[in-house]
Amino acid sequence: MATQATGLASWRNLDEALGSDCLRISTYNIHRCIGSDRREDASRVARVIAELNCDTVGLQEVDNRPDRGHDSMQLDFLAHAASMTAIPGHTIVRHEGVFGNALLTRRPVLGVRQHDLSFNRREPRGALEVDLDVEGEVVRVIVTHLGLRPAERRFQVQKMLKLLHHLPMDQIVVVLGDINEWLPLGRPLRWLHGILGHAPAERSFPVWLPMFALDRVWVRPRHNLLAFETHRSPTSRKASDHLPVKAIIATGRRPVIPHVRVRDAASAMPA
């Protein structure tokens with residue numbers, strides 16, 4: 001099926017051709033490290049993160065409670081396993097610990113901001129906004145996990161649009177996360193497409209029979225997005241209920257990449 005991902009280069013070929021001036025980024029809902037076999041195993045998620053070969057990973061549903069061993073202190077464990085800096089963006093704070101979004105990165109961190117996207121009495125939600133130094137270029141990354149109900153997502157995206165409207169148009173902005181939008185023509189997706197450009201859509205949920213493109217990566221300017229794909233491996237099919245998706249993003253002037261095969265988007269779905 002034709003997709004917004006059509007025309008993007010093969011991840012593997014492009015990854016080999018490009019240097020460290022391109023951001024390799026992923027979004028991954030780790031489902032508290034509970035896999036398709038209903039076992040909690042942070043080491044499996046750590047192996048998936050290693051497979052991604054990304055320098056920056058946005059996470060959702062991270063459980064960082066300190067009372068049940070390393071599988072519960074998940075952010076600390078995953079950051080140590082990946083040799084990355086951990087930036088918490090927790091949306092639920094309990095007396096025994098925290099739960100929510102996070103960012104792992106090997107890039108220098110220039111600034112961190114957190115935004116409350118909570119709607120009425122629904123589960124608290126938020127957005128984690130981080131400025132990264134990518135070889136001298138400032139890239140703003142926003143990690144989020146939107147709500148389950150349509151009215152909730154509409155409210156949350158409207159708040160994100162106000163945030164995005166204040167960002168300079170010439171700054172590289174990456175918005176990623178579990179958008180929870182099941183309908184390809186839902187208003188929250190259309191609104192985000194309108195301000196950021198169309199995001200590629202590939203099925204990432206559920207892992208046992210991927211049918212829905214819940215996990216997205218938007219890049220502005222849109223032409224800075226060079227490659228995008230869902231990461232499928234034996235471990236990723238067991239580690240969580242979502243598959244991670246990943247992107248390669250150019251910084252500065254878009255590089256010219258010779259002899260790079262355009263990827264086959266047959267397994268993707270319309271955005």
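A: The largest nonpolar core has 30 residues. A nonpolar core here is a set of buried Ala, Val, Leu, Ile, Met, Phe, Trp, Tyr and Cys residues joined through side-chain atoms within 4.5 Å, and buried means under 20% relative accessible area (1.4 Å probe, protein chains only). Tyr 28, Ile 49, Val 57, Leu 59 and Leu 104 have the most contacts inside this core. At least two of its residues come from each of helix 1 (11-17), helix 2 (42-52), strand 2 (56-63), helix 3 (74-82), strand 4 (97-105) and strand 10 (225-230). Helix 2 gives the most, with 6 residues. Helices (H or I, at least four residues) and strands (E, at least two) are DSSP runs, numbered from the N terminus.

The model is predicted: local features need pLDDT of at least 70, side-chain atom pairs count only at pLDDT 80 or more, and totals for chains, interfaces and linings use all residues. Residues are numbered from 1 along each chain as its sequence is written, and side-chain values use heavy atoms, with hydrogens and water left out.

Val 57 is in contact (heavy atoms within 4.5 Å) with Ser 26, Tyr 28, Ile 49, Leu 52, Met 84, Ala 102, Leu 103 and Leu 104, leaving aside residues up to four places away in sequence. A second, separate core has 22 residues, among them Leu 8, Val 141, Leu 176 and Val 245.

Helix 5 (residues 187-196) also has buried residues, including Leu 189, Leu 192 and Ile 195. Their cover includes helix 4 (150-165), strand 8 (172-178) and strand 9 (215-220).

How values were computed: Buried < 20%, exposed > 50% of the residue type's maximum accessible area, 1.4 Å probe, protein only.
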